[in-house]
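Student: I have a protein model open on my screen, and I would like to learn how to read it. Could you walk me through it?

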Amino acid sequence: MTATLAPPVHIGRAAVGALGALAVATGALESVVTPTLPLLQRELDMSPAEGALLSIMLLITGALITPVAGKLGDRYGGKRVLIRLMAVVSAGGLVSSLAPNLPVLLLGQVLQGAMVGALPLSFIVVRKHLPEGESKVAIGVVSGMFVGGGMAGTLSAGPVAEQLSRHWMFALPTIAVIGSTLLVNRLMPHDPPGRSDETGVDWPGLLLLSGTLITLMLVLAAAPELGSQPLVLGALVVVLAAFVTGWIAVERRAASPMVDLNMLARPAVWKSCVLTFVICVGTSFGVYLVPQLLAVDSDAYGFGASATAIGFFLLPGAVAASLAGPLGGIGARRFGSRAVVTAGVVMMAAALLALSAVHTEIWHLVLGKMFIALANGLCVTAMVTGTATSVDQGDTGIATSLVLVTRVLGFAVGAQVSGALLTAATPAGSDVPAESAFVAGFVIAAVVTALSLFVTRTMGKGVKE
C-alpha cells in the first residue's frame, strides 16, 4: 500500500497568470521564423529547400515530444516535467540566438520544439489544482495567450531582426521564456504524481519515428540537388525505408505504443488521418510560398517586402487561424464534421487556385493566405473533434495522436516539396526562382487539396443530437 497523497493546493490568479505569461513567451518564440524566413535565407545563404527544412524542424520535434510530455506529466507531475521541458526550450532559444550557421540554427530549433509540449502540461497542472469550471476558464486563458504570443512574435520578429539582428529575434523571447519559467516555478505548487505502475514510454518507437521524419525531410530537401548523385539519394531512401519498417515492427509489438497502428483500421480514424495529411500538405504550400513571394525583389515579379512588412501581411492569417478553432467546433456540433471539412476543403482549394492565377497585388496574397489559414483551422478542428468523439473515451488520446502525427507529416512534406520546387526553378547564379514555380506550387496544392473531397464524401455526418 502507498501513502495517501495530500489533495492538491488550490491556485490563484497569480499562478494562472504566470502560466499565461509562459504561453505568451513560448508563442512568440515559436512564431519568429515564419515572417523572417526570407531574411534568414539571405543571411545564412540557404536554398529555398533548406529554408523549408528550417521552417518545420520545430513542428517535427513538437509532434514527437507532445505525447511523451503528456504521459510523463501524468506520471511524475505536470509542473516538474514542465519546468524541465522549458529548460530545454530555453537552451534551444539560446542556441538559435547564437547560431553562426544553418546547422547550429537547426539544432536550436530542434531543442525549441519541446515548447509544443508545454500547453498540455499546463492543462495537466491547471486541472489538478482547480475545480472543473475554473479549470476550463484557465485553460481557455492560457490557450488564448499562446495564440496572442504567436501574433506578437509574428509582428515583432521583423523589426527586431532588422533594427537589431536576427540573434536578438531569438534572444528576446528566450529571455521572456526564462523569466516566466522562473515565475511559474515560484508561484505554482507541485501537483501530485499519478500512478507509478503505468506502462512506460515507448522510447524505441519515439527514436525510430524521429529517424523516419528526419530522414524523410532530408530526402525531400536534398532531392533537387542530388539529381546528379542518384546513389546518395538512393542510400537516403534505403535508410528511410529501414526506419519505417523498424518503426512499424516496434509499434506493433509495444505494450503502450507511441502511435497505435491498429487504430488505423477504424474507418473514422484512417479517414481523418488521410484528410489531415492532404489538407495540411495544401496548407503548408501556402504557408511557405506566400512569404517567399512577398520577399521576391520588386524588380522581378515580387514585392521586395521586408521582414517587418511580411509579419504585418501575415497577421490577418494568424487572426483567421485563431478564430477557426472555435468556429470549427461550433460548426461541427451544429452541422456535423463532414459539412465543416467539405466547406473548408472547397475554401482552401479555391484560395490556392486564385493565388495561382492572381498574385500581382499584395492584397491578393494577404487575402489568399487568410482564407487558407481559416480553412485549415476549420478542417483540422472538425476532424479532431470527429475523431475524438468516434472512439471510446479511453482511446481518445491514441486516436488524436495519430491525427497529430499525420498533421506534422502533411506540413513537413508540403513545405519541403514547396522548397524543392523553388530550388529547382532558381537559375544558377541567381537567388530569384522563376515565377512559374510559384504558380505550379499553388496549382499542385489546390489539386491535392481538392482530391480530399473523395474521402470527405464517405465520412459520417457526425452531427451530435
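This is a predicted model: local features need pLDDT of at least 70, side-chain atom pairs count only at pLDDT 80 or more; totals for chains, interfaces and linings use all residues.

Student: Let's begin with helices. How do the axes of helix H4 and helix H8 cross?

Tutor: For a pair of helices, look at the distance between the axes and at the angle. Helix H4 covers residues 78–98 and helix H8 covers residues 166–187. Their axes come within 8 Å and cross at roughly 160 degrees. Angles over 145 degrees count as roughly antiparallel, and H4 and H8 are therefore roughly antiparallel to each other. The crossing of H4 past H8 is left-handed.

Student: Which residues of H4 and H8 make the contact?

Tutor: On the H4 side, they include Leu 82, Ile 83, Met 86, Val 89 and Gly 93. On the H8 side, they include Phe 170, Ala 171, Thr 174, Val 177 and Ile 178. Sorted by class, this contact of H4 with H8 has 11 nonpolar, eight polar and one charged residues.

Student: Now a second pair. At what angle do H11 and helix H13 pack?

Tutor: The angle is about 30 degrees, and the axes of H11 and H13 are 11 Å apart. That makes H11 roughly parallel to H13. H11 also passes H13 in a left-handed crossing.

Student: Which residues of H11 meet which residues of H13?

Tutor: From H11 come Leu 275, Ile 279, Gly 282, Thr 283 and Val 290, and they meet Val 341, Val 345, Met 348, Leu 352 and Leu 355 in H13. By class, the residues of this contact of H11 with H13 are eight nonpolar, two polar and no charged.

Student: What about empty space? How many cavities of 30 Å³ or more are there?

Tutor: The general idea is that rolling a probe the size of a water molecule over the atoms shows where empty space is left. Here the count comes to two cavities of 30 Å³ or more. The largest cavity holds about 50 Å³ of space, and the second largest cavity holds about 40 Å³.

Student: Which residues line the largest cavity?

Tutor: Among them are Leu 19, Leu 22, Ala 23, Met 115, Ser 122 and Phe 146. Helices H1, H6 and H7 each supply at least two residues of this lining, and the largest share, four residues, comes from H1. By class, the lining of the largest cavity has eight nonpolar, two polar and no charged residues.

Student: And which helix gives the largest share of the lining of the second largest cavity?

Tutor: That is H2, with five residues. H2 (33–43) and H12 (307–335) each supply at least two residues there. The lining of the second largest cavity includes Pro 35, Pro 38, Leu 39, Arg 42, Ala 307 and Ile 310. Its classes are seven nonpolar, two polar and one charged.

Student: Let's finish with a pocket. What is the volume of the second largest pocket?

Tutor: The volume is about 480 Å³. This pocket is lined by 20 residues, and Gln 41, Arg 42, Met 46, Asp 431 and Val 432 lie nearest its centre. H2, H11 and H15 each supply at least two residues of the lining, with the largest share, three residues, coming from H2.

Student: How does the lining of this pocket divide by class?

Tutor: The lining of the second largest pocket has nine nonpolar, six polar and five charged residues.

Terms used:
Residues are numbered from 1 along each chain as its sequence is written. Side-chain values use heavy atoms; hydrogens and water are left out. Axes are lines fitted to C-alpha atoms, for helices over the stretch in contact, and angles run from 0 to 180 degrees between N-to-C directions. Angles under 35 degrees count as roughly parallel, over 145 as roughly antiparallel, 65 to 115 as roughly perpendicular and the rest as oblique. A crossing is left-handed if the near helix is turned anticlockwise from the far one by less than a right angle, and right-handed if clockwise. Contact means heavy atoms within 4.5 Å. Ala, Val, Leu, Ile, Met, Phe, Trp, Tyr, Cys and Pro count as nonpolar, Asp, Glu, Lys and Arg as charged, and the others, Gly among them, as polar. On a 1 Å grid over the protein atoms alone, a cavity is a set of points where a 1.4 Å probe fits but cannot get out, and a pocket is an open set with protein on both sides within 12 Å along at least five of seven lines; lining residues have an atom within 4 Å of a point. Grid points are joined across faces, edges and corners, and a volume is the space filled by probe spheres set on the points.
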